[in-house]
Amino acid sequence: MVISLSVIVLLFVLAWIFLRGGGLKFSHALVCVLLGFYLANSSMAASIHDGVAATASAISSLRP
């Protein structure tokens with residue numbers, strides 16, 4: 001849960017930076033958010049979750 005919350009916060013911060021910097025319009029951010037909600041309810045959600053979890057564990061195993 002901590003990793004997924006960290007990913008959510010990181011993505012939110014990045015989206016906010018892009019939105020404030022002019023590189024991301026509000027409509028683009030809204031489409032990204034809606035895509036995330038639809039992906040969470042799709043059959044691909046488990047695969048995406050497993051991929052993110054595997055990536056997070058690989059990154060955490062690289063740390064000394």
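What follows is a chat about a predicted model of one protein chain.

Reader: I'm new to this one, so how many helices and strands are there in the protein chain?
Author: The model is a predicted one, and its protein chain holds three helices and zero strands, so that the pattern read along the sequence is α-α-α.

Reader: Where is the confidence lowest, and where is it highest?
Author: Helix H1, which covers residues 2-21, has the lowest confidence with a mean pLDDT of 72, whereas helix H3, covering residues 45-62, has the highest at 85. For the protein chain as a whole the average pLDDT is 77, and 88% of the residues score at least 70.

Reader: OK, what share of the residues is buried?
Author: Of the 64 residues in the protein chain, 5% are buried. The accessible surface of the chain comes to about 5,600 Å², and carbon and sulfur atoms account for 76% of that surface.

Reader: Which residues form the nonpolar patch on the surface?
Author: The patch is formed by Val9, Leu10, Leu11, Phe12, Val13, Leu14, Trp16, Ile17 and Phe18, which together have about 910 Å² of accessible area.

Reader: Take Phe18 from that list; where is its place?
Author: Phe18 sits in helix H1, and it counts as partly exposed because its relative accessibility is 48%, a value that falls between the 20% and 50% cut-offs.

Reader: Switching to His28, which helix is that in?
Author: His28 belongs to helix H2, which spans residues 26-40, and with a relative accessibility of 39% His28 is likewise classed as partly exposed.

Reader: And how many Å separate the C-alpha atoms of His28 and Ala15?
Author: Those two C-alpha atoms are 9.8 Å from each other, while His28 and Ala15 lie 13 residues apart along the chain.

Reader: Last one: is Ser61 buried or exposed?
Author: Ser61, which is found in helix H3, counts as exposed because its relative accessible area is 55%, and the cut-off for that class is over 50%.

Reader: What lies 2.8 Å from a polar atom of its side chain?
Author: That is the backbone oxygen of Ala58, which lies 2.8 Å from a polar side-chain atom of Ser61.

Notes. Residues are numbered from 1 along each chain as its sequence is written. This is a predicted model: local features need pLDDT of at least 70, side-chain atom pairs count only at pLDDT 80 or more; totals for chains, interfaces and linings use all residues. Side-chain values use heavy atoms; hydrogens and water are left out. Helices (H or I, at least four residues) and strands (E, at least two) are DSSP runs, numbered from the N terminus. Buried means under 20% relative accessible area, exposed over 50%, partly exposed in between (1.4 Å probe, protein chains only). Accessible areas come from the Shrake-Rupley method with a 1.4 Å probe; for residues, only the protein chains shown count as cover. pLDDT is the predictor's confidence in each residue, from 0 to 100. A polar contact is a pair of N or O atoms within 3.5 Å; within protein, one must be able to donate a hydrogen and the other to accept it, and residues adjacent in sequence count only if both atoms are side-chain atoms. Patches are made of residues with over 30% relative accessible area and no salt bridge: like charges are joined within 9 Å, nonpolar side chains (Val, Leu, Ile, Met, Phe, Trp, Tyr) within 5 Å. A salt bridge is a side-chain nitrogen of Lys or Arg within 4 Å of a carboxyl oxygen of Asp or Glu.
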